[in-house]
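User: I would like to learn how to read the features of a structure like this one. Please give the general idea each time, then the case at hand.

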Amino acid sequence: MTINHACDNYQGFELGPIRPPSEASSLLLRITRNCPWNRCTFCSLYKAEGFSIRKVDHLRRDIDRVRYFVDKIEKTAHAGEGEAPTLASLQVGLTGADQMAFHAAVTFMRGGMKSIFLQDANSLVIKPDDLVEILRYARQAFPQLERVTSYARSHSIARISDDDLTKLASAGLNRIHIGMESAADEVLAFVRKGVDKQTHILAGQKVKKAGIELSEYFMPGLGGEAHSRKNALETADALNQIDADFIRIRTLAVPEVTELHKDIRAGTFKPLGDRQKAEELLLFLDHLHGINSTVKSDHVLNLFQEVVGRLPQDQGRMTAPIRSFLAMEPQIQMLYMVGRRTGIFHRLADLDDAELRAHAEKALAAHRVTRDNVNEWTAEMMRRFI
Ligand code: SF4
């Protein structure tokens, strides 16, 4: 891993490219730029840029800038009628980084200033003491904060001592998202995830032990045809040993710029169609046992958004739509896939809505989808969402 320590000059407030869907109202604080690993063959993020760590002092200045705009906006809200400047007038003359900081303050305030998300791909790679300092500073600046969340790699967490993780938890880091994707060693090695099943388990258990809320992501389809069963069973087994607070489904899509797409062209990776991914997801869910995780399907790439619930009590309800889908006639399955991939359907029950169904039938005809081309068509549609 090559780490560039950021240049000495402060460049102003920064924003990274992504955040989890659940962090839409959070203040995004960019602790590091890009991904320190950057080798996963299915991932198209951060490929153009090198990794760097931003200075603690620069993060303090980002926080100060957002606090400054929050104060300014709050004053506006408290000003008497006739003398109150509008939100639009407060932005006049702001450019670049300050404009971003202003918009970040507005979004954060609209969400009640309750949560911060630390960007980019793996904030846990920085020195624990530096992260503690950033967390303390942010919590002092925004005392009403309830939640600070970060993405992290299992590999990085496994290397942090239990004491340091506890320190981070006490300083206010209270939720971590890990892109487990799979816990099948063959799959992890093939996609160059840089971690194995045991490290995933160790890292997940350490996060839980430190009292930090844990979200683990599972990626149906990542094993391709060759390792579909293992992808489901090994990942379920790892998650049964971790008991994460959240298990999030994020179905594989393969952008053309990725190494995995080259594997598809070379014939060394055979991707699954939607029907096979549904079978894999069902196998996975059926093998989650003895845990109390909440399952979420909050990503646009997922075929079923209704696979949501708490284990163990909702297991039957969550798997019911997948079983129904798999029992359908192939033509109706295809209609659902087309409706889902064109944004007409969100859940299987939408097939029962006559108006939505008529739209989906029109889309099926317009896109000339057949049973012979449905998998290629679906893969192409999914690429458009990444
Ligand atoms: S660790 Fe995450 S961000 Fe980095 S390359 Fe892998 S999937 Fe992409």
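The dialogue below takes up the sheet, the ligand shell and the domains.

User: What should I know about the model and its numbering?

Analyst: The model is predicted: local features need pLDDT of at least 70, side-chain atom pairs count only at pLDDT 80 or more, and totals for chains, interfaces and linings use all residues. Residues are numbered from 1 along each chain as its sequence is written.

User: In what order do the strands of the open sheet lie?

Analyst: Strands of a sheet pair through backbone hydrogen bonds, either parallel or antiparallel. Strands (E, at least two residues) and helices (H or I, at least four) are DSSP runs, numbered from the N terminus. Two strands pair if DSSP finds at least two bridges between them. Here eight strands form an open sheet with mixed pairing, in the order S2-S5-S6-S7-S8-S9-S10-S11. Strand S2 (27–30) and strand S11 (309–310) are the edge strands, each pairing on one side only.

User: Which residues can I use to trace the pairing of S2 with S5, and of S5 with S6?

Analyst: S2 and S5 pair in the parallel sense over four bridges, and Leu28 has Phe117 in S5 as its bridge partner. Strand S5 (residues 115–119) is also parallel to S6, again over four bridges; there Ser115 is partnered by Arg147 in S6. Between S5 and S6 the chain passes through helix H4 (residues 128–141), a right-handed β-α-β crossover. Right-handed means that, with the strands pointing away from the viewer, the path from the first strand over the helix to the second runs clockwise.

User: Is strand S6 mostly covered or uncovered?

Analyst: A residue is buried if 20 or more other C-beta atoms, placed from the backbone, lie within 10 Å of its own, exposed if 12 or fewer, and partly exposed in between. In strand S6 (residues 147–152), five of the six residues are buried. S6 also pairs in parallel with strand S7 (residues 175–181) over four bridges, where Ala152 stands opposite Ile178.

User: Which residues are around the ligand?

Analyst: A residue counts as near if its C-beta atom, placed from the backbone, lies within 6 Å of the molecule. Among those around the ligand are Cys35, Trp37, Arg39, Ala121, Arg153 and Gly179.

User: How is the protein chain divided into domains?

Analyst: Domain bounds come from an automatic or database domain assignment. It gives domain 1 (4–328) and domain 2 (329–386), with C-alpha centres 29 Å apart.
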